Every structure is written in structure tokens, then in C-alpha cells.
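Please keep the sequence and the structure at hand while reading.

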Amino acid sequence: MALAEKSQTATVLDCSQTRLSSTNQDVAFESASITDKLAQHATRCSSPPRHSAFNKFILYENKLRFYIIISNASDSRHRIVKIDRTSQNDLNVIEDETDYSGRQMSAMIKMLDDGNKTSGGIGKARIIFGIAGFVRFTAGWYMIVISKRSSVALLGGHYLYHCESTEIIPVCFNNKVDKPAEEQRLLNIFKQVDMSKNFYFSYSYDITSTLQLNLTKPKRFGKSKWWFNDRYVWNFHMLCSPFNDQSPRGGQAWLIPLIHGHVDQAKLNVLSRVVFVTLIARRSRHYAGARYLTRGVNEEGNVANEVETEQIVSEALTTPFYVPSSEHQSRRQPSPHYTSYVQYRGSIPISWTQDTTSMSPRPPIEISVVDPFYTAASRHFNNLFARYGTPVIILNLIKRREPVPRESKLLEEYTQCVRYLNQFLPEDKKMVYHAWDMSRAYKEKTQDVISYLEDLAEESIQMTGFFHTGSEPYSHYLQSCWSEDEQYRPAWRKNVRLQNGICRTNCVDCLDRTNAAQFVFGKRAFGHQLYALGVVRNPNLPFDSVAVNMLTEMYHDHGDTIALQYTGSALVNRVETYRHLPHWNSHSRDIIENIRRFYANSLLDADKQMAINLFLGVHGERHGQVVQARGKYQEWFDAENLRTLFPLAESTQSLSDFVGQRGDFWSEYYRPLLFTSLEKHFAFCMSTPPGKFIKGVSYSPFLPSSMHVVHQPRLVTGVKRRWKGTHSSLQNEKLRRKPLSADIADESQLMHQSDLFRCSGVLASHLLNPKVPSEELSEYHRCIDHRQLMLDAMYDGAEYMDQLQYMRFVEKSSGKGDLTVADEDTELYVVHVRSAAIEPNSVKDGTLSSMYDYDQWLSGVDLA
């Protein structure tokens with residue numbers, strides 16, 4: 001059997017199986033007919049590769065080896081991976097890269113079971129959801145498998161999952177440990193990093209990269225050993241160390257990279273249109289750890305608490321990233337319904353520490369290393385240029401003045417650092433630095449914190465842009481054509497929009513103030529993203545609307561998760577705090593969170609740091625730093641990194657190539673032959689903010705809940721800066737047409753109830769079946785009775801004859817008086833009617849001659 005296998009392996013090794021082993025030991029297949037199977041596999045290896053992802057895993061195990069059967073969603077492709085269990089010191093993995101059909105895989109499993117009859121067969125089938133890697137402590141390897149998952153987001157038909165549970169399984173069946181106490185201690189420390197919280201993955205979508213990178217640079221890992229961005233892969237040590245830092249040839253099919261951070265998604269119903277809002281936070285594995293034990297920057301330029309936040313807003317008109325081409329129905333073009341905006345947070349890139357031995361709730365800040373050339377900071381910013389492009393906007397929110405200098409030390413050093421590095425950059429590539437004491441502005445109420453941050457956010461978005469996969473809606477072009485203001489007429493964007501550059505936000509801990517600032521930036525970008533999708537007519541979204549409240553809650557969860565990972569407690573100051581709208585229990589909650597944070601940082605951080613280092617494979621106290629050669633003092637940056645990272649022409653072509661090569665979408669996402677109830681469909685059950693209805697009509701989620709005039713931030717009402725690609729509220733008044741029925745009302749105008757009936761169908765139904773509310777009916781009766789109320793009222797200060805004359809008039813008008821007309825009164829009435837036809841000669845000196853004494857008639861005196 002073994003000889004037959006070896007005779008065929010030489011001819012089909014490259015296309016049928018790959019051996020990943022630290023030794024040269026051969027592991028044989030367990031079937032007498034394996035020769036025929038390998039021959040069949042060799043003929044199939046010439047077929048072109050398919051791109052469908054594997055997302056089903058079945059684990060078989062016996063005393064000799066593990067068998068992992070991996071399959072795609074449509075069960076049309078199957079592969080097998082074998083792991084030897086007889087060796088304790090070596091990890092032997094055999095990957096069969098041949099694609100099997102369902103019938104062939106069933107025959108393969110039967111043959112394997114027959115070949116292992118002496119050892120009890122291949123064991124009972126067990127469903128798992130992926131292999132997170134392998135880890136070793138003192139003796140023997142462990143395999144980490146994902147045993148439970150849950151769907152948390154959907155992007156372009158690709159599901160993003162949360163790791164709900166994992167299991168650690170010893171690879172060697174008879175594992176002999178020389179130091180069992182030490183082995184158990186390290187295993188317990190390793191388990192302190194809870195992999196069932198805030199770890200996310202995807203089978204078919206690269207969750208380690210932004211949407212813009214996924215769509216515009218599909219070949220970005222061509223020169224890399226790995227198929228993902230290892231900066232944000234927290235199980236990278238468990239993926240590379242078992243294979244001697246080499247990427248397995250077929251590892252992409254069964255090894256799952258995990259990111260650590262936060263993923264949240266919600267849908268927004270906008271007048272029969274569905275908008276998905278996705279928030280993804282990726283925490284860097286470099287220089288990761290607890291709050292007081294990881295501060296500032298290390299020698300490699302990696303900062304503490306580094307988190308990349310991506311905000312994706314898409315319209316669910318079509319599921320994939322492509323739509324049928326308008327020119328050729330058989331071809332595809334990028335879907336214009338996806339947008340994204342990326343932000344960055346990280347500790348101040350200076351070497352500084354805080355001494356926690358004094359048990360002080362606010363330990364003093366000390367700058368540990370004073371480098372006049374700021375070498376570590378230069379490496380950090382050079383890395384930002386390489387990853388995000390230029391410009392880099394720095395928002396520094398630490399305090400400026402303090403009774404006892406703490407944060408102000410960092411402010412001076414950081415300002416000097418940016419000033420020093422900026423002097424060597426080209427003029428158009430210099431970093432934009434904003435230093436603002438956000439805490440002082442909030443406490444002294446000298447500035448509107450939210451309005452000032454919205455100013456900075458608008459300026460940042462204009463400089464960096466955001467990613468949009470298509471052109472602006474055609475309605476924007478029509479608005480630009482109808483605008484009478486030639487000077488401020490915006491240009492209609494016909495191409496995709498790209499984000500070049502990043503906004504880097506920080507405070508001391510990069511938690512409370514940073515999260516509030518990032519929310520304001522996200523809110524401003526949210527308006528621009530909705531405007532680019534054609535959902536709103538104006539990107540100025542008011543607070544207290546359903547859409548902004550939903551985004552606020554998402555950023556609260558985002559900030560709480562990051563704070564718990566870094567400090568062990570949730571946020572202390574939230575967005576409502578800086579809006580001066582605190583909740584009634586906010587003070588007590590802040591006290592509890594401060595106490596929890598102090599307890600965790602003082603007593604638990606050391607163990608937490610040890611567990612993170614063991615999980616990430618960091619040894620020693622230097623966090624895996626590699627001493628690098630000092631670069632040039634003036635040319636501290638790479639000229640390649642200052643070029644435009646995402647050129648328009650190249651990115652547009654790459655985007656078209658990406659959507660043209662993804663041909664397996666329908667069979668992966670849609671399952672026509674599988675019955676699935678709507679209650680189990682993720683897109684149907686996705687969290688949605690509670691909608692508002694007035695008189696049975698859907699209420700716009702972009703209008704504030706209170707019925708009053710919405711005051712825009714001073715950026716919008718002033719002339720300091722203008723947002724690109726749309727009209728201001730003043731320009732909208734100059735349009736030559738009436739608003740279209742499908743347009744959404746401008747949030748800056750007073751809300752009227754007529755704005756609710758902009759849909760033609762709802763308007764027609766309302767007109768055919770009018771309903772008068774009780775409030776309007778009572779108001780109508782008050783209007784009718786108003787005249788009678790005025791008649792009954794009389795001024796007490798009037799003279800007696802005037803009062804008597806008024807009362808007689810009221811009696812006659814109300815019908816209570818004597819309405820019998822005497823004969824002489826009838827003759828007098830005829831004379832009065834005849835006198836109404838005034839002749840020209842009756843006008844003397846510009847006045848009419850007196851033909852009738854009205855007062856005498858009213859008093860009842862006979863005028864004859």
C-alpha cells in the first residue's frame with residue numbers, strides 16, 4: 001500500500017498534495033485503491049482554479065491522525081487535510097489540494113474508514129467551523145478549533161462571523177509532559193485571552209483589510225507569504241510558528257485568520273429603501289497590551305492601543321459588489337451602492353510611561369526617552385504614509401493647562417515632534433496638526449464641542465475624501481444644472497471617489513475623548529456617504545434623529561468594547577456628556593466605571609499582559625521589538641510612500657477587474673435548493689432602529705424627533721468652508737423647479753406635516769380617503785365660534801349711547817331682536833338701494849354726499 005502511494009506521489013505531488021512537516025517522515029494513505037484515486041486527481045488538476053470559499057468543516061479523529069474534510073457552501077468542492085497524531089515533538093500536516101466532488105469525497109471517506117479498521121475506523125464525524133491555528137508550550141502541540149460561530153455582518157454577499165467558542169485539542173494522542181505543572185500553568189494563562197469575545201473572521205472576505213483595499217487592490221498580497229494583513233491578525237503566531245514562518249500552500253482553505261476588535265451592523269429603512277451601516281474596528285497585534293503597561297511607541301514605530309475604524313454605508317439594492325453592465329448585460333460593472341470611511345486612533349508616538357507602584361488613580365506621566373530626532377515617531381508616521389497615503393491629519397485632544405503638569409508634558413513634546421518632522425516633508429505632503437484642549441472647552445463651556453469637531457471633521461473629509469464605488473446619482477447633476485449660482489455650482493462627479501490619507505485621533509488613553517471625536521467624524525462622514533448614495537439631499541444630519549441616534553449607539557458599543565479590551569472597563573464620558581445631555585444615572589455610572597478601571601489597572605493588568613504576550617507569541621519585556629538601524633535624520637520618510645496611494649485610473653481599472661473575476665457569488669450566497677425561513681436569515685433579522693409613524697405614514701429617519709427648527713453647526717451656516725458635491729440650504733431655494741416628490745425634505749427647514757406625504761401613492765390614498773383628526777376638528781369649531789365670541793364681548797369703558805347702539809346691533813345680528821320691517825322702513829330701504837348707484841355728479845369736492853344717516857337708522861329713529 002505504501003509503495004503504491006509513493007510510486008504515484010512523484011507525478012502528482014505538486015497538484016494533489018502538499019506536505020507541511022518539520023521532519024521528513026512520510027504519512028501514507030490508508031487504502032489499497034489509492035492509486036486509482038490519485039490518478040483521477042491528477043487529471044482534474046489541470047482544470048482552472050475556482051474562487052469559491054470553503055466554509056464547512058468536518059473533523060474525524062482516531063488514535064493515529066486527524067482528518068478534516070472542508071467543503072464550500074454549495075457542496076460542489078471538497079478537500080481533505082490530514083494531521084499525524086503519532087509524533088509528539090513534530091507537527092506533520094498533509095494537505096490534499098485536489099478538489100473532490102461530493103460522490104468522490106464519500107468514496108474517499110469510506111476508503112479511509114476501511115483502511116483504519118484495525119484502529120477503530122476514522123471515528124465519529126464532528127462539525128467544526130475552522131482551524132484557528134496550533135500552539136505549543138513545553139511539550140506537544142495543541143490544535144485550536146472554532147466550535148461555534150454567529151453571523152454579525154453581511155458585506156457584498158460575504159458573511160462576517162463572531163467566534164462564539166473554541167476548543168483546544170492535543171494533537172498527539174499519547175502526550176507525555178515532563179513538566180505537567182508548568183504546562184498547565186501556561187495553558188491557563190493562554191486561556192485568559194477569551195477567544196469567545198470580540199474575535200471575528202470571514203471565509204470569503206478579507207476582514208483584515210478595508211473595503212477600499214479589497215476592491216481596488218485585489219493583488220496586494222502578490223509579493224507576501226500570506227493572504228491577509230498580518231498587522232490585525234491576532235492568531236498570526238499560531239498560524240506561522242507551526243510551519244516555520246512559512247505560509248502553507250493550501251492553508252487559505254482551512255486556516256482562519258482572526259481579528260480582534262469590534263464588528264457591528266444595522267439596517268436603516270428610508271422610505272422603502274434599505275441602507276446597511278457597518279462598523280469594523282481592527283486592533284493591531286503590535287505593541288498590544290494593558291493600559292499602563294503599554295504606553296507611547298516602541299522602537300519599531302508601533303504605538304499602543306492602535307485601532308483602525310472603518311465605517312461602511314451601503315444600500316441593499318443589490319447584494320454583490322457588482323451590477324449588470326449598462327452596455328453589455330453579460331458583463332459586470334462595480335455597484336455604485338458601497339461607501340466607506342476609515343479613521344485611526346493610537347497612543348502618542350513618544351516614549352513615555354506611567355508608574356503604577358504608587359497606587360494612584362492618576363499616575364504621573366514621565367517621558368522615558370528624549371530623542372531629539374524622534375526616530376520612533378518618524379517610523380510610525382512613515383508607516384502611516386505607506387498604509388493610508390497622504391495627507392495625515394493629526395487631532396490631538398490632550399489637555400493644555402493643568403495645575404500639576406501631566407498631559408501638558410506630552411502636548412509640548414508631541415507638538416515639537418510634529419514640527420520637527422514636518423520641516424523635511426514637501427510642502428503639499430506636510431502633516432496637518434490640530435491641538436485642542438477638548439476637556440477644557442467642555443468644562444468651561446467656552447466652545448461648542450460638537451460644532452467645533454464638526455468643523456474639523458468637514459475639513460478632514462474634504463482633504464482625505466472617502467471611498468465610493470461609483471459616480472454620484474444623476475439627480476445631483478440635475479441640481480447642478482438648475483442652480484442659478486454660477487460661482488458655487490458644484491461639479492457632478494462621474495468617477496469613483498477614493499480616500500487618500502487618514503485622520504489620526506488621540507488623547508491620553510485614546511478612549512473617551514477619542515471615541516466622542518471619532519463619532520462626530522463618523523456622523524459627518526455618514527451624511528456625505530448617504531448623500532453620495534442619493535438617499536438624502538443634504539449631508540447635514542441633525543442630532544436626535546433616528547439615523548444619528550442609531551449611529552450614536554453603534555459608536556457607544558464600539559467605544560465600550562475598545563475600552564474593555566484596553567482598560568477593563570467601559571467608557572466613562574460618552575457623546576451625551578459633551579453635548580451636555582447626561583443621563584440621570586450618568587454620574588453614578590461614571591464613578592463605578594472609574595473604580596472598575598482603577599481596580600483592573602492596579603491588580604489585573606500584569607496577568608492580562610502576560611496572557612496577551614503568550615497569545616501573540618511575544619517573549620521578553622521588549623514586546624518582540626527588533627532593534628533597527630537608525631535611518632537618515634532628514635529623509636526619515638520613503639519617497640515611495642508619499643505618492644498617491646490610490647490613483648484614480650489605476651483604482652478604477654482594478655475595481656472593474658475585481659468584480660469581473662468573482663463569478664461564484666450566486667452559488668455561494670443563494671441556496672435555491674435549501675429551505676430557509678426568514679426568521680433564520682441574517683439580513684431579515686438584522687437589528688433595526690425603531691421607526692416612527694405619524695398617522696400611518698413612515699417618518700423620515702433623518703428628521704429630528706422634536707418639532708422645531710433645526711439649527712445647523714456654524715460650519716454649515718457660515719462661509720468658512722463648503723462641503724463638496726452638493727448645495728447649501730440657501731442654494732436650494734434658488735433652484736428653478738419645485739422639489740421632486742421623491743426628494744427627502746431638507747432637515748434645516750421647519751418640519752410641516754405636508755412633508756410626510758411626498759410619496760405619490762401615500763398622497764393619493766390620503767386624498768381619496770381624507771381623515772380629519774380631532775385636533776383639527778376642534779380648531780375648526782373654535783374658528784367658527786370666534787365671531788360669536790367677539791360679538792358677545794363689549795368694552796366696558798365705552799359711553800352709554802355707544803353701548804346701547806352696539807347691543808341693538810348684536811341683537812339684530814344674532815336674530816334675537818325684532819326683525820319685522822315696517823312699511824316706511826321698506827320705502828327707506830328702496831331709497832337706500834337706489835342711492836348705491838352713485839352718479840358722477842353726486843361726488844362733490846372728492847367726497848360722497850350723505851344719503852343716509854346710519855346711526856339714526858340703527859337707533860330706530862324715523863328718518864322720514
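Does Glu444 count as buried, exposed or partly exposed? Glu444 counts as partly exposed, because its relative accessibility is 42%, where buried means under 20% relative accessible area, exposed over 50% and partly exposed in between, with a 1.4 Å probe and protein chains only. The model is a predicted one, in which local features need pLDDT of at least 70 and side-chain atom pairs count only at pLDDT 80 or more, while totals for chains, interfaces and linings use all residues. Residues are numbered from 1 along each chain as its sequence is written, and side-chain values use heavy atoms, with hydrogens and water left out.

**Salt bridges within a helix**

- A salt bridge is taken here as a side-chain nitrogen of Lys or Arg within 4 Å of a carboxyl oxygen of Asp or Glu, and by this rule the count comes to 26 salt bridges.
- Glu444 pairs with Arg440 in one of these, with 3.0 Å between the closest N and O atoms, and Arg440 is partly exposed at a relative accessible area of 27%.
- Both Glu444 and Arg440 belong to helix α9 (residues 438-444), where they are four residues apart, about one turn of the helix; helices are DSSP runs (H or I, at least four residues) and strands likewise (E, at least two), numbered from the N terminus.
- In helix α3 (residues 102-115), Asp114 and Lys110 are also four residues apart, about one turn of the helix, and their side chains meet in a salt bridge at 3.3 Å, N to O.
- Asp114 counts as partly exposed at 39% relative accessibility, whereas Lys110 is exposed, with a relative accessible area of 55%.

**A salt bridge between loops**

- Arg220 forms a salt bridge with Asp206, and their closest N and O atoms are 2.6 Å apart.
- This pair links distant parts of the chain, 14 residues apart, since Arg220 lies in the loop between α5 (211-216) and α6 (236-240) and Asp206 in the loop between β10 (199-201) and α5.
- Asp206 is buried, with a relative accessible area of 15%, while Arg220 counts as partly exposed at 23% relative accessibility.

**The buried side of α11**

- In helix α11 (residues 474-482), the buried residues are His476, Gln479 and Ser480.
- These residues lie on the same side of α11, because they cover an arc of only 100 degrees around the axis, the arc being that of the directions from the helix axis to the C-beta atoms.
- The buried residues of α11 pack against α12 (512-532), contact meaning heavy atoms within 4.5 Å.
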